[in-house]
Amino acid sequence: MTVGIVAGIGGFFALLLIIAESKLMNYGECTITINDKKKITEKGGSSLLTTLNNNKIFLSSACGGRGSCGFCKCKILKGGGPLLPTELPFLDEREKKDMVRLACQVKVKEDISIEIPEDIFAIQEFAGKVTSIKDMTYDIKELTIELTMPKEIEFKAGQYVQFVAPRYEKSRQSVTRAYSISSNPDHIKFIELIVRKVPDGLCTTYIHDYLKEGDTVNFTGPFGDFLIQDTHKDMIFIAGGSGKAPIKSMLEYLKAHKSKRKMTYLFGARTEKDLYHVELMKKLEDDLEHFEFVPILSKPDEGSKWSGKTGYIMPFLKEFIGKPENTEAYLCGSPGMIDAVIKELHNLKISEEQIFFDPFS
Ligand SMILES: Cc1cc2nc3c(=O)[nH]c(=O)nc-3n(C[C@H](O)[C@H](O)[C@H](O)COP(=O)(O)OP(=O)(O)OC[C@H]3O[C@@H](n4cnc5c(N)ncnc54)[C@H](O)[C@@H]3O)c2cc1C
Ligand code: FES
(Lines give C-alpha, C1' and ligand atoms only; values in the text may rest on other atoms or scores of the structure.)
(Ligands and ions follow the chains in the order given, each with its own letter.)
Protein backbone atom coordinates (compact mmCIF):
# COMPACT_ATOMS: atom_id res chain seq x y z
CA MET A 1 0.00 0.00 0.00
CA THR A 2 2.77 2.46 1.11
CA VAL A 3 4.81 1.48 -1.97
CA GLY A 4 1.75 2.19 -4.14
CA ILE A 5 1.25 5.63 -2.59
CA VAL A 6 4.95 6.53 -3.01
CA ALA A 7 4.90 5.31 -6.62
CA GLY A 8 1.71 7.30 -7.24
CA ILE A 9 3.23 10.49 -5.82
CA GLY A 10 6.43 9.87 -7.84
CA GLY A 11 4.39 9.39 -11.00
CA PHE A 12 2.41 12.57 -10.29
CA PHE A 13 5.61 14.65 -9.92
CA ALA A 14 7.11 13.06 -13.05
CA LEU A 15 3.96 14.07 -14.95
CA LEU A 16 4.14 17.60 -13.52
CA LEU A 17 7.76 17.81 -14.64
CA ILE A 18 6.89 16.73 -18.20
CA ILE A 19 4.03 19.27 -18.37
CA ALA A 20 6.23 22.03 -16.88
CA GLU A 21 9.04 21.22 -19.31
CA SER A 22 6.74 21.28 -22.32
CA LYS A 23 5.15 24.59 -21.22
CA LEU A 24 8.08 26.45 -19.70
CA MET A 25 11.32 25.31 -21.30
CA ASN A 26 12.39 27.20 -24.35
CA TYR A 27 15.38 25.72 -26.12
CA GLY A 28 15.31 28.30 -28.91
CA GLU A 29 16.39 27.48 -32.45
CA CYS A 30 18.59 24.40 -32.76
CA THR A 31 20.56 23.34 -35.83
CA ILE A 32 20.85 19.71 -36.84
CA THR A 33 23.77 18.99 -39.15
CA ILE A 34 23.30 15.81 -41.17
CA ASN A 35 26.25 13.91 -42.67
CA ASP A 36 28.31 17.06 -42.41
CA LYS A 37 26.51 18.66 -45.36
CA LYS A 38 22.79 19.23 -44.82
CA LYS A 39 21.58 21.57 -42.06
CA ILE A 40 18.09 22.02 -40.67
CA THR A 41 17.11 24.59 -38.09
CA GLU A 42 14.04 24.06 -35.89
CA LYS A 43 12.65 25.18 -32.57
CA GLY A 44 14.04 22.78 -29.93
CA GLY A 45 11.93 20.66 -27.60
CA SER A 46 10.76 17.79 -29.84
CA SER A 47 12.43 14.44 -30.31
CA LEU A 48 15.12 14.14 -32.96
CA LEU A 49 12.87 11.66 -34.81
CA THR A 50 9.96 14.12 -34.94
CA THR A 51 12.22 17.02 -35.89
CA LEU A 52 13.67 15.02 -38.79
CA ASN A 53 10.17 13.86 -39.85
CA ASN A 54 8.97 17.46 -39.86
CA ASN A 55 11.76 18.13 -42.33
CA LYS A 56 10.81 15.14 -44.53
CA ILE A 57 13.71 12.99 -43.42
CA PHE A 58 12.15 9.68 -42.44
CA LEU A 59 14.19 7.38 -40.22
CA SER A 60 12.82 3.88 -39.86
CA SER A 61 10.39 3.64 -36.94
CA ALA A 62 8.10 0.68 -36.38
CA CYS A 63 6.60 1.80 -33.06
CA GLY A 64 5.80 5.40 -33.94
CA GLY A 65 8.41 6.83 -31.54
CA ARG A 66 7.46 4.93 -28.37
CA GLY A 67 10.99 3.62 -27.83
CA SER A 68 9.90 0.00 -28.17
CA CYS A 69 11.11 -1.11 -31.62
CA GLY A 70 14.73 0.07 -31.68
CA PHE A 71 14.46 0.90 -35.39
CA CYS A 72 15.20 4.66 -35.29
CA LYS A 73 18.96 4.34 -34.79
CA CYS A 74 21.35 7.03 -35.97
CA LYS A 75 24.84 8.16 -35.02
CA ILE A 76 25.01 11.34 -32.96
CA LEU A 77 28.47 12.84 -33.32
CA LYS A 78 27.82 15.98 -31.27
CA GLY A 79 25.08 17.04 -28.84
CA GLY A 80 22.04 15.00 -27.85
CA GLY A 81 22.82 14.62 -24.12
CA PRO A 82 23.69 11.39 -22.29
CA LEU A 83 22.52 7.92 -23.30
CA LEU A 84 19.14 7.20 -21.67
CA PRO A 85 18.07 4.00 -19.87
CA THR A 86 15.27 3.58 -22.45
CA GLU A 87 17.88 3.24 -25.21
CA LEU A 88 20.12 0.68 -23.50
CA PRO A 89 18.17 -2.51 -24.35
CA PHE A 90 18.49 -1.74 -28.07
CA LEU A 91 22.20 -0.93 -28.30
CA ASP A 92 25.09 -3.39 -28.24
CA GLU A 93 28.58 -2.47 -27.01
CA ARG A 94 29.82 -1.66 -30.51
CA GLU A 95 26.88 0.69 -31.19
CA LYS A 96 27.42 2.46 -27.87
CA LYS A 97 31.07 3.04 -28.80
CA ASP A 98 30.00 4.23 -32.25
CA MET A 99 27.68 6.83 -30.66
CA VAL A 100 24.53 5.21 -31.99
CA ARG A 101 21.32 6.51 -30.36
CA LEU A 102 17.55 6.07 -30.70
CA ALA A 103 16.32 9.22 -32.43
CA CYS A 104 12.90 9.01 -30.78
CA GLN A 105 14.45 9.16 -27.30
CA VAL A 106 16.85 12.03 -27.96
CA LYS A 107 15.33 15.46 -27.40
CA VAL A 108 16.60 18.36 -29.47
CA LYS A 109 17.76 20.93 -26.88
CA GLU A 110 20.97 22.14 -28.54
CA ASP A 111 22.81 21.97 -31.86
CA ILE A 112 23.30 18.36 -32.91
CA SER A 113 25.44 16.65 -35.56
CA ILE A 114 24.21 13.32 -36.85
CA GLU A 115 25.16 10.68 -39.41
CA ILE A 116 22.53 8.66 -41.28
CA PRO A 117 22.75 6.30 -44.30
CA GLU A 118 22.44 8.23 -47.58
CA ASP A 119 19.53 6.01 -48.78
CA ILE A 120 17.32 7.51 -46.07
CA PHE A 121 17.04 10.64 -48.22
CA ALA A 122 15.18 8.52 -50.81
CA ILE A 123 12.37 7.69 -48.37
CA GLN A 124 9.27 9.63 -49.32
CA GLU A 125 5.77 10.44 -48.13
CA PHE A 126 2.97 8.90 -50.20
CA ALA A 127 -0.78 9.32 -50.46
CA GLY A 128 -2.95 6.63 -52.01
CA LYS A 129 -6.54 5.56 -52.58
CA VAL A 130 -7.70 2.25 -51.11
CA THR A 131 -9.12 0.44 -54.13
CA SER A 132 -9.86 -2.87 -52.43
CA ILE A 133 -10.14 -4.40 -48.96
CA LYS A 134 -10.52 -8.20 -48.94
CA ASP A 135 -11.03 -10.61 -46.04
CA MET A 136 -8.33 -13.27 -46.15
CA THR A 137 -9.34 -14.93 -42.85
CA TYR A 138 -11.47 -13.89 -39.85
CA ASP A 139 -8.60 -11.65 -38.63
CA ILE A 140 -6.54 -10.88 -41.75
CA LYS A 141 -7.36 -8.36 -44.47
CA GLU A 142 -5.56 -7.52 -47.69
CA LEU A 143 -5.55 -3.90 -48.85
CA THR A 144 -4.72 -2.58 -52.28
CA ILE A 145 -3.61 1.04 -52.35
CA GLU A 146 -3.33 2.88 -55.65
CA LEU A 147 -0.75 5.66 -55.38
CA THR A 148 -2.01 9.16 -56.00
CA MET A 149 0.82 11.41 -54.76
CA PRO A 150 3.42 10.63 -56.02
CA LYS A 151 1.94 8.11 -58.44
CA GLU A 152 4.78 5.59 -58.41
CA ILE A 153 6.95 3.89 -55.80
CA GLU A 154 10.25 2.07 -56.19
CA PHE A 155 10.86 -0.64 -53.64
CA LYS A 156 12.44 -4.06 -53.26
CA ALA A 157 10.62 -7.28 -52.35
CA GLY A 158 10.70 -7.63 -48.54
CA GLN A 159 10.57 -3.91 -47.72
CA TYR A 160 7.90 -2.23 -45.63
CA VAL A 161 6.05 1.08 -45.32
CA GLN A 162 5.06 3.14 -42.31
CA PHE A 163 1.28 3.45 -42.49
CA VAL A 164 -0.37 6.43 -40.80
CA ALA A 165 -3.71 5.77 -39.10
CA PRO A 166 -5.38 9.12 -38.43
CA ARG A 167 -6.97 10.08 -35.13
CA TYR A 168 -10.32 8.27 -34.86
CA GLU A 169 -13.00 7.38 -32.31
CA LYS A 170 -10.79 4.83 -30.47
CA SER A 171 -7.47 6.62 -30.82
CA ARG A 172 -6.86 10.11 -29.51
CA GLN A 173 -3.88 10.62 -31.77
CA SER A 174 -2.63 9.63 -35.17
CA VAL A 175 -0.42 6.50 -35.00
CA THR A 176 2.19 5.11 -37.38
CA ARG A 177 2.91 1.39 -37.78
CA ALA A 178 5.08 -0.73 -40.07
CA TYR A 179 3.48 -3.01 -42.72
CA SER A 180 5.41 -5.11 -45.23
CA ILE A 181 4.49 -4.64 -48.85
CA SER A 182 3.01 -7.90 -50.14
CA SER A 183 2.87 -7.04 -53.86
CA ASN A 184 5.50 -7.60 -56.52
CA PRO A 185 7.88 -4.59 -56.75
CA ASP A 186 7.53 -4.66 -60.54
CA HIS A 187 4.12 -3.01 -59.93
CA ILE A 188 4.99 0.56 -59.11
CA LYS A 189 1.56 2.20 -59.26
CA PHE A 190 0.03 0.34 -56.32
CA ILE A 191 1.03 -1.56 -53.20
CA GLU A 192 -0.72 -4.35 -51.34
CA LEU A 193 -0.60 -4.88 -47.58
CA ILE A 194 -1.70 -7.85 -45.47
CA VAL A 195 -2.83 -6.77 -42.00
CA ARG A 196 -3.74 -8.99 -39.07
CA LYS A 197 -6.07 -7.49 -36.48
CA VAL A 198 -4.48 -7.15 -33.04
CA PRO A 199 -7.22 -6.99 -30.37
CA ASP A 200 -7.53 -3.32 -29.31
CA GLY A 201 -4.55 -2.42 -31.52
CA LEU A 202 -4.83 1.22 -32.55
CA CYS A 203 -3.74 0.91 -36.17
CA THR A 204 -5.19 -2.51 -37.00
CA THR A 205 -8.58 -1.64 -35.46
CA TYR A 206 -8.61 1.44 -37.69
CA ILE A 207 -7.73 -0.63 -40.77
CA HIS A 208 -10.16 -3.46 -40.01
CA ASP A 209 -13.14 -1.58 -38.64
CA TYR A 210 -13.00 1.98 -39.97
CA LEU A 211 -11.08 2.11 -43.26
CA LYS A 212 -13.26 1.85 -46.37
CA GLU A 213 -12.64 1.33 -50.06
CA GLY A 214 -12.24 4.76 -51.69
CA ASP A 215 -10.56 6.31 -48.62
CA THR A 216 -7.27 8.14 -48.91
CA VAL A 217 -4.36 6.87 -46.80
CA ASN A 218 -0.85 8.14 -46.13
CA PHE A 219 2.40 6.32 -45.59
CA THR A 220 6.17 6.74 -45.83
CA GLY A 221 8.66 4.34 -47.29
CA PRO A 222 10.16 2.15 -48.47
CA PHE A 223 12.14 0.91 -45.46
CA GLY A 224 14.04 -2.23 -44.55
CA ASP A 225 16.79 -4.58 -45.53
CA PHE A 226 14.96 -7.91 -45.45
CA LEU A 227 15.78 -8.61 -49.08
CA ILE A 228 16.32 -11.49 -51.51
CA GLN A 229 20.06 -12.23 -51.61
CA ASP A 230 21.60 -12.24 -55.04
CA THR A 231 22.92 -15.82 -54.95
CA HIS A 232 21.94 -19.20 -56.43
CA LYS A 233 21.41 -20.83 -53.03
CA ASP A 234 18.26 -22.77 -52.09
CA MET A 235 15.71 -20.66 -50.24
CA ILE A 236 13.55 -21.75 -47.33
CA PHE A 237 10.80 -19.30 -46.36
CA ILE A 238 9.15 -19.59 -42.94
CA ALA A 239 6.20 -17.42 -41.89
CA GLY A 240 2.71 -17.60 -40.46
CA GLY A 241 -0.24 -15.19 -40.32
CA SER A 242 0.44 -11.78 -41.84
CA GLY A 243 4.16 -12.69 -41.94
CA LYS A 244 3.25 -14.00 -45.38
CA ALA A 245 3.27 -10.41 -46.71
CA PRO A 246 6.98 -9.91 -47.58
CA ILE A 247 7.35 -13.58 -48.58
CA LYS A 248 4.49 -13.21 -51.10
CA SER A 249 6.21 -10.15 -52.55
CA MET A 250 9.49 -12.08 -52.86
CA LEU A 251 7.84 -15.13 -54.45
CA GLU A 252 5.92 -13.04 -56.98
CA TYR A 253 9.11 -11.19 -57.87
CA LEU A 254 11.05 -14.46 -58.24
CA LYS A 255 8.25 -15.83 -60.45
CA ALA A 256 8.19 -12.72 -62.65
CA HIS A 257 11.95 -13.00 -63.08
CA LYS A 258 11.75 -16.74 -63.85
CA SER A 259 13.97 -17.80 -60.97
CA LYS A 260 15.19 -21.38 -61.10
CA ARG A 261 16.31 -21.45 -57.46
CA LYS A 262 14.94 -24.22 -55.26
CA MET A 263 12.41 -22.71 -52.86
CA THR A 264 10.29 -24.11 -50.06
CA TYR A 265 7.72 -22.14 -48.09
CA LEU A 266 6.69 -23.53 -44.70
CA PHE A 267 3.56 -21.69 -43.56
CA GLY A 268 2.61 -22.21 -39.91
CA ALA A 269 -1.04 -21.80 -38.86
CA ARG A 270 -3.28 -23.01 -36.04
CA THR A 271 -6.28 -24.37 -37.93
CA GLU A 272 -7.59 -24.49 -41.50
CA LYS A 273 -9.41 -21.20 -40.76
CA ASP A 274 -5.99 -19.49 -40.59
CA LEU A 275 -4.92 -20.57 -44.07
CA TYR A 276 -5.23 -18.09 -46.94
CA HIS A 277 -3.86 -17.48 -50.43
CA VAL A 278 -3.60 -21.26 -50.75
CA GLU A 279 -4.75 -21.17 -54.40
CA LEU A 280 -2.20 -18.47 -55.13
CA MET A 281 0.56 -20.59 -53.59
CA LYS A 282 -0.55 -23.63 -55.65
CA LYS A 283 -0.42 -21.48 -58.77
CA LEU A 284 3.12 -20.39 -57.80
CA GLU A 285 4.04 -24.08 -57.51
CA ASP A 286 2.95 -24.46 -61.17
CA ASP A 287 4.68 -21.29 -62.34
CA LEU A 288 7.99 -21.56 -60.50
CA GLU A 289 10.21 -24.42 -61.59
CA HIS A 290 11.32 -25.56 -58.12
CA PHE A 291 8.86 -24.25 -55.55
CA GLU A 292 6.93 -26.13 -52.87
CA PHE A 293 4.32 -24.68 -50.48
CA VAL A 294 3.94 -26.62 -47.22
CA PRO A 295 1.21 -25.47 -44.80
CA ILE A 296 1.59 -26.95 -41.30
CA LEU A 297 -1.28 -26.77 -38.79
CA SER A 298 -0.46 -26.74 -35.09
CA LYS A 299 -4.03 -27.40 -33.87
CA PRO A 300 -6.31 -28.68 -36.66
CA ASP A 301 -9.99 -28.64 -35.58
CA GLU A 302 -11.22 -31.89 -34.13
CA GLY A 303 -12.87 -33.98 -36.83
CA SER A 304 -11.29 -31.90 -39.61
CA LYS A 305 -10.32 -33.67 -42.83
CA TRP A 306 -6.83 -32.10 -42.77
CA SER A 307 -4.38 -34.60 -44.22
CA GLY A 308 -1.33 -32.30 -44.30
CA LYS A 309 1.42 -31.88 -41.74
CA THR A 310 0.53 -31.10 -38.13
CA GLY A 311 2.49 -29.69 -35.20
CA TYR A 312 5.04 -26.89 -34.97
CA ILE A 313 7.31 -25.96 -37.86
CA MET A 314 10.64 -26.70 -36.16
CA PRO A 315 10.69 -30.52 -36.45
CA PHE A 316 9.90 -30.28 -40.18
CA LEU A 317 12.78 -27.97 -41.09
CA LYS A 318 15.27 -30.83 -41.39
CA GLU A 319 13.17 -32.52 -44.07
CA PHE A 320 13.39 -29.50 -46.39
CA ILE A 321 17.00 -28.48 -45.93
CA GLY A 322 19.21 -30.34 -48.36
CA LYS A 323 22.68 -28.86 -47.95
CA PRO A 324 22.82 -26.37 -45.05
CA GLU A 325 25.82 -24.57 -46.57
CA ASN A 326 23.77 -24.02 -49.73
CA THR A 327 20.56 -22.82 -48.02
CA GLU A 328 19.32 -19.35 -47.15
CA ALA A 329 16.46 -18.98 -44.67
CA TYR A 330 13.96 -16.09 -44.82
CA LEU A 331 11.78 -15.71 -41.72
CA CYS A 332 8.99 -13.32 -40.94
CA GLY A 333 6.49 -13.04 -38.09
CA SER A 334 6.44 -12.72 -34.31
CA PRO A 335 9.79 -12.35 -32.50
CA GLY A 336 9.00 -15.56 -30.51
CA MET A 337 8.54 -17.63 -33.66
CA ILE A 338 11.65 -16.16 -35.24
CA ASP A 339 13.82 -16.92 -32.19
CA ALA A 340 12.61 -20.53 -32.03
CA VAL A 341 13.19 -21.12 -35.75
CA ILE A 342 16.65 -19.50 -35.71
CA LYS A 343 17.66 -21.80 -32.83
CA GLU A 344 16.64 -24.85 -34.85
CA LEU A 345 18.33 -23.53 -38.01
CA HIS A 346 21.56 -23.18 -36.05
CA ASN A 347 21.14 -26.80 -34.84
CA LEU A 348 20.83 -27.77 -38.49
CA LYS A 349 24.11 -25.98 -39.24
CA ILE A 350 22.72 -23.01 -41.13
CA SER A 351 25.06 -20.16 -40.31
CA GLU A 352 23.97 -16.73 -39.09
CA GLU A 353 25.00 -15.07 -42.38
CA GLN A 354 22.49 -17.25 -44.22
CA ILE A 355 19.48 -16.33 -42.08
CA PHE A 356 17.44 -13.22 -42.92
CA PHE A 357 14.42 -12.06 -40.94
CA ASP A 358 11.95 -9.30 -40.16
CA PRO A 359 10.38 -9.55 -36.71
CA PHE A 360 6.91 -7.96 -36.49
CA SER A 361 7.85 -6.54 -33.08
C1 LIG B 1 9.19 -4.34 -40.02
C2 LIG B 1 7.77 -4.69 -39.60
C3 LIG B 1 6.86 -5.11 -40.55
C4 LIG B 1 5.55 -5.42 -40.17
N5 LIG B 1 4.69 -5.88 -41.13
C6 LIG B 1 3.44 -6.25 -40.76
C7 LIG B 1 2.54 -6.79 -41.75
O8 LIG B 1 2.86 -6.90 -42.94
N9 LIG B 1 1.31 -7.13 -41.33
C10 LIG B 1 0.91 -7.03 -40.02
O11 LIG B 1 -0.25 -7.37 -39.71
N12 LIG B 1 1.73 -6.50 -39.08
C13 LIG B 1 2.98 -6.12 -39.42
N14 LIG B 1 3.81 -5.59 -38.47
C15 LIG B 1 3.29 -5.31 -37.10
C16 LIG B 1 2.64 -3.90 -37.09
O17 LIG B 1 3.63 -2.91 -37.33
C18 LIG B 1 1.95 -3.55 -35.77
O19 LIG B 1 2.85 -3.74 -34.70
C20 LIG B 1 0.70 -4.37 -35.50
O21 LIG B 1 -0.17 -4.30 -36.62
C22 LIG B 1 -0.05 -3.86 -34.25
O23 LIG B 1 -0.36 -2.50 -34.40
P24 LIG B 1 -1.60 -1.83 -33.65
O25 LIG B 1 -1.43 -0.35 -33.74
O26 LIG B 1 -2.88 -2.39 -34.15
O27 LIG B 1 -1.42 -2.32 -32.15
P28 LIG B 1 -0.83 -1.43 -30.94
O29 LIG B 1 -1.81 -0.36 -30.60
O30 LIG B 1 0.55 -1.07 -31.27
O31 LIG B 1 -0.79 -2.52 -29.79
C32 LIG B 1 -1.88 -2.84 -28.96
C33 LIG B 1 -1.52 -3.93 -27.97
O34 LIG B 1 -1.28 -5.15 -28.65
C35 LIG B 1 0.05 -5.60 -28.39
N36 LIG B 1 0.53 -6.06 -29.70
C37 LIG B 1 1.11 -5.31 -30.66
N38 LIG B 1 1.41 -6.06 -31.73
C39 LIG B 1 0.99 -7.30 -31.44
C40 LIG B 1 1.00 -8.52 -32.16
N41 LIG B 1 1.53 -8.61 -33.38
N42 LIG B 1 0.45 -9.62 -31.55
C43 LIG B 1 -0.07 -9.54 -30.31
N44 LIG B 1 -0.10 -8.40 -29.59
C45 LIG B 1 0.42 -7.31 -30.13
C46 LIG B 1 0.82 -4.44 -27.88
O47 LIG B 1 1.84 -4.85 -27.01
C48 LIG B 1 -0.27 -3.64 -27.19
O49 LIG B 1 -0.46 -4.12 -25.89
C50 LIG B 1 5.13 -5.28 -38.83
C51 LIG B 1 6.05 -4.83 -37.87
C52 LIG B 1 7.36 -4.55 -38.24
C53 LIG B 1 8.32 -4.09 -37.19
S1 FES C 1 10.84 4.68 -33.20
FE2 FES C 1 10.69 2.78 -32.21
S3 FES C 1 12.34 2.89 -30.82
FE4 FES C 1 12.42 4.79 -31.77
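Predicted model: local features only at pLDDT ≥ 70, side-chain atom pairs only at ≥ 80, totals over all residues.
Colleague: Is Lys248 buried or exposed, and what is its relative accessible area?

Modeller: Lys248 is a residue of helix α5, and apart from residues up to four places away in sequence it touches Glu142, Ser182, Ser183, Glu192, Ile194, His277 and Leu280. Buried means under 20% relative accessible area, and Lys248 is therefore buried, its relative accessible area being 2%.

Colleague: How far apart in space are Lys248 and Ile181, C-alpha to C-alpha?

Modeller: In sequence, Lys248 and Ile181 are 67 residues apart. In space, from C-alpha to C-alpha, the distance between Lys248 and Ile181 is 8.9 Å.

Colleague: Which residues are linked with Lys248 in a network of salt bridges?

Modeller: Side chains of opposite charge can pair when their charged atoms come close. Lys248 and Glu252 are four residues apart in helix α5, and so they are separated by about one helical turn; their side chains meet in a salt bridge of 3.6 Å, N to O. Glu252 is buried as well, with a relative accessible area of 18%. The network of salt bridges links Lys248 with Glu192 and Glu252.

Colleague: How many residues apart in sequence are the parts that the pair of Glu328 and Arg261 ties together?

Modeller: Glu328 and Arg261 form a salt bridge in which the closest N and O atoms are 2.8 Å apart. Because Glu328 lies in strand β16 (residues 327-333) and Arg261 in the loop between α5 and β13 (263-269), the pair ties together parts whose separation in sequence is 67 residues.

Colleague: In which elements do Lys309 and Glu319 lie?

Modeller: The side chains of Lys309 and Glu319 meet in a salt bridge, with 3.2 Å from N to O. The pair links distant parts of the chain, ten residues apart, with Lys309 in strand β15 (residues 309-310) and Glu319 in helix α7 (residues 314-320).

Colleague: Which strands do the buried residues of α4 pack against?

Modeller: In helix α4, residues 202-210, the buried residues are Cys203, Thr204, Thr205, Tyr206, Ile207 and His208. These buried residues of α4 pack against the strands β7 (140-149), β8 (160-165), β9 (175-180) and β10 (190-196).

Colleague: Where do Pro150 and Pro222 lie?

Modeller: Most residues other than glycine have a negative phi, and most peptide bonds are trans. The peptide bond from Met149 to Pro150, however, is cis, with omega near -10°, and a cis peptide bond also joins Gly221 and Pro222, where omega is about -5°. Pro150 lies in the loop between β7 and β8, while Pro222 is found in strand β11, residues 216-223.

Colleague: Is Asn35 buried or exposed, and is Asp200 buried or exposed?

Modeller: Asn35, in the loop between β1 (29-34) and β2 (38-43), has a positive phi of about 50° although it is not a glycine. Asp200, in the loop between β10 and α4, has a positive phi near 65° and is likewise a residue other than glycine. With a relative accessibility of 16%, Asn35 counts as buried, whereas Asp200, at 75%, counts as exposed.

How values were computed: Residues numbered from 1 in each chain as written. Chains lettered and ligands numbered in written order. Heavy atoms only, no water. Salt bridge = Lys/Arg side-chain N within 4 Å of Asp/Glu carboxyl O. Helix = DSSP H or I, 4+ residues; strand = E, 2+ residues; numbered from the N terminus. Buried < 20%, exposed > 50% of the residue type's maximum accessible area, 1.4 Å probe, protein only. Contact = heavy atoms within 4.5 Å.
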